[in-house]
Amino acid sequence: MHRHLAVFFSSALLLASASMSQTALAQYLPLPAQIDISGEWGSRVYKDFLARGPGPELGDYTGLPLNDAGRLRAQSWDESELSAPEEQPVPHPACYSMWGPGTNLRIQKIFDPRDSALLGYTISGLYGRADRTIWLDGRQSPSAFSESTWAGFSVGKAERNLLVVTTTNMKEGYIQRNGAACSDRATMVEYFVRHGDLLIDMTFINDPVYLEEPMVRTMDWVLTPDLGIDNRVLFQSAEEVADRPEDYVPHYSLGARHTEFAKESGLPFEATQGGSRTLYPDYLPRLRAMIAGKSPAPDPWIVPGTVRDPPSVGDQGAYGLSPAFDALGVQIVPVRKSLYMLVVNGQNVVAQVGPDGVLLVDTGPTSAAGQLLTSLKSLSDGKIQYVVDTDFTDDVVGGVATVVEAGGAPVAASHYGALPGTVGSGTTVVAQNLVAYHLATQPHPSASAAQPGIQFTNYRALAFNGEPIEIWGVPAAIDDANSVVFFRKADVIFAGNLLDTTRYPRIDAVNGGAIEGVINGLTRVIKSAVPGRNATGGTLVIPGHGHLCNQIDVVYYRNMLVIIRDRVRDMVRKGMTLPRVLAAEPTADYEGLYGSKIGNWTTEMFVSAIFQHEQAIWRHKK
Amino acid sequence: MADSSGVHSGRKSARRHSVTVMVLITICSSVLAQGDGNQVYAVQQREADAPLAPFPVPANGSSGRETAREHLEGWWVSYVTEDWGLRMITPPKGNVVGIPLNAQGIAAANAWDWQTDERQHAECKAFGAAALTHVPTRLHIEWQDDNTLKIQSDAGEQTRLLRFGGEPYQQGQQPTWQGVSTAEWEPTQLQASGLEISTIPPAPPSYSLKVQTTGLRAAYLRANGVPYSEQTVLTEYFDTVTAPNGQDWLLATSIVDDPVYLQQPYVTTYAFKREPDGSRWHPTPCYIDRPTRGPQPVGPQDGLGRRHIDWPTYPEK
């Protein structure tokens, strides 16, 4: 009887479906027909075999559409950098991995267990297990504030006989294994097409920071069942160079020219340096003239094609401080259980919530304090028991007075100090004593209400909401009053303004800041962070501005500072003046990421701060 | 018996239900497919509802041009981001890396002498069909007639004729640099699922041009004398994509199957960028580009399959 009823209802359902308007029914149809890329695929490494297998020569940038910044970045790169313990486990990044050293692939379908709908594909077999996932279910890309990964975030859609895959949220990587970089601002679009047992992936890497035109590559695979993909390759770092200084970053000095490849291959040096114009047949007459020892006549260069690529970096410099990172208002970014990053007018603050109430690290500027309090209420009804100040500047702690007023004044306690966290107490401010000093001696809107109830010199530990929390003082960094906060249970470090993924650190030399202190502070963060598998995951690091980071992101940022400092140091020791140092553009390869020509923190100010520090040290040594 | 009978009864019942459901599915499918007499109505309708990729309506007509869904016509230019050192210049003799040559192929490559080619006026050997998409060049593609797609290169001034429904190469014909090419719009590899199966058009759409070429004159896969023979069968696919910035690209995939010189088919895909017109078209006759003096792998393989790198001994330019 039940069976008959089932048949009746299923029949009725189908008839009802048939009588529905076709438009309505269409909404319930499955995903459209598309190519099926699943299977095991054997790579055909018939192109650029030497560059993909053994590896390219230093100085061989042929075939790469590098711009000047990309070329300088590549010329500065020293492969010894890869011996750093933090960089040894780095797998191939998404902008290189499919090309890689002849990657055999296992592509598997992901089905929704509820209705067997195709949700996406996983791709494994990539060097270093940077497995990829391509989502086909229309999900949104993660926020720009999210932590990035080596594989990035990929979404696919069917288009004619193509599977079009767009990848964002990639970590900084490279397009070739000789220093040709791919910035974390890059996006990748791939077109997969099948011809029988042949799979082709055409890849466009658009990197406004380091490329003049998209890097275009095509890869071929042949369906090869039972290929036996080796997925065991995971990397473990080892100490390769003993007693190396913790902040040692191998790199070639500014102006280095790797001419060996050109000499060995009989090519003009210019031709080995890549760039858009070298990628077209139009370059052949010039190339042949140079090979023949003639000086080619200057000729204007117009990029072929029907659509111009995006314009180059504008006067504002960089893609740094983009609206996404600097928007007004408050955005809440979940970090770990009970821990949130709140982006307050572009300044990151941290809220830890739990049964004991709320612990806030920084408040953002005065102007957004009200919005901050409103946002905090959406996270917890608990009282704000602590505010930890990591600096004294208005953008960091300008809202402290408002927050403290909302929480009520702390209960006066015995000579042992206030008893924050107890029932009935108000909000207690925790900060270095130098923060208290600056607040007391400088005109500051929060000066009176924001005075720390708990002061320390170098180190302070707290336990709150069941979490051990360490606060380290970082001497002479952005200024003389910086702190870093380490949530040990959540495994999250708030680096404050020592780390800013949108610009160079804003060093305040007048108040005791120096590049050396920033580098040392970041190095301590690096040493305290423990990455997960393949140099990603693990400890999360929250910057003062910008997106969530892992240890490796901090390493890359710190390395950038070391390289720029070393360049300026070299010039100082050669007796160069500040104008000459500025003219030499020691930051040229990082301008697209962190530079600015206008605003309250320009590249010139940053270089000047390093110059003055290095000059003082050099004079002292002499 | 009762057990047996019960099982039997259950099977019959299940079969009956299956038949019922199949009939109903068929009815629904036919209802879905009836709109405007168009067999793919339901899928088309969905396109209007959501930005999904549908099966297109097959074009009327039967000629290559009438059934075309790829807009290949126009002007294209090589974008040499791959194998730059093997395409923009002639690599040293013996540089055969990346090509699955057999022993005979390696021997032939090592025996190459560009001066002999020059003496024999064999300048076009590096511009044969199997290598033409590797050469840095501009391509001009146009319909010569309804069933012939013509591809011209400005480098080497070569012309290929891809004939839809054309006769393949016949033994006894004179082999040529560009051979005899037959073309077809390749049936798609699209996979349908669920209800969509009932709406697949009878003739699946095609977006790729497939070309098969034989009757090739022996020539070079690489300008430094890496050979392919007259027995080569060249299979090619031409696809187009439109990048996010609106730039059209052509993907030229070639599969070179040569039983004489190759261990296995040599598969490559190279990219071309669409240009608005032929204003940068510079016809250049075939030429022999003397090799550069870069390092080359020579000598026997060691136990790990590596070859020692030595310096070439032939004179520098």
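This is a predicted model: local features need pLDDT of at least 70, side-chain atom pairs count only at pLDDT 80 or more; totals for chains, interfaces and linings use all residues.
I call a residue buried if 20 or more other C-beta atoms lie within 10 Å of its own, exposed if 12 or fewer do, and partly exposed in between, with C-beta atoms placed from the backbone. Residues are numbered from 1 along each chain as its sequence is written, and chains are lettered from A and ligands numbered from 1 in the order in which they are written.

**Entry 1: positive phi**

I looked up E585(A), which is not a glycine but has a positive phi of about 50°. E585(A) sits in the loop between α15 (578–583) and α16 (591–594) of chain A. I counted 17 other C-beta atoms within 10 Å, so E585(A) is partly exposed. N169(A), also not a glycine, has a positive phi near 55°. I find N169(A) in the loop between β7 (162–168) and β8 (173–176) of chain A. N169(A) has 20 other C-beta atoms within 10 Å and is therefore buried.

**Entry 2: chain A overall**

I list 17 helices and 24 strands in chain A; helices (H or I, at least four residues) and strands (E, at least two) are DSSP runs numbered from the N terminus. Of the 622 residues in chain A, 49% are buried. Among contacts between residues at least 6 apart in sequence, 65% join residues at least 24 apart.

**Entry 3: nonpolar core**

A nonpolar core here is a set of buried Ala, Val, Leu, Ile, Met, Phe, Trp, Tyr and Cys residues joined through C-beta atoms within 7 Å. The largest one has 207 residues, and L360(A), V484(A), V541(A), I542(A) and V554(A) have the most contacts inside it. Helix α14(A) supplies the largest share of this core, ten residues. I then looked up I542(A): beyond its neighbours within four places in sequence, its contacts include V335(A), M341(A), F494(A) and L548(A).

**Entry 4: α13(A) and α14(A)**

I checked α13 (residues 515–528) against α14 (residues 551–573) of chain A; they pack at about 155°, with axes 10 Å apart. The axes are lines fitted to C-alpha atoms, for helices over the stretch in contact, and angles run from 0 to 180 degrees between N-to-C directions. The angle makes α13(A) roughly antiparallel to α14(A); angles under 35 degrees count as roughly parallel, over 145 as roughly antiparallel, 65 to 115 as roughly perpendicular and the rest as oblique. Residues of α13(A) in the contact include I515(A), V518(A) and L522(A), and those of α14(A) include V554(A), R558(A) and L561(A). By class, this contact has eleven nonpolar, two polar and two charged residues; Ala, Val, Leu, Ile, Met, Phe, Trp, Tyr, Cys and Pro count as nonpolar, Asp, Glu, Lys and Arg as charged, and the others, Gly among them, as polar.

**Entry 5: α9(A) and α11(A)**

Helices α9 (residues 369–379) and α11 (residues 400–407) of chain A pack at about 45°, with axes 9 Å apart. They are therefore oblique to each other. I see A369(A), G370(A) and L373(A) in α9(A) meet T402(A), V403(A) and A406(A) in α11(A). That contact has four nonpolar, two polar and no charged residues.

Conventions. Two residues are in contact if their C-beta atoms, placed from the backbone, lie within 7 Å.
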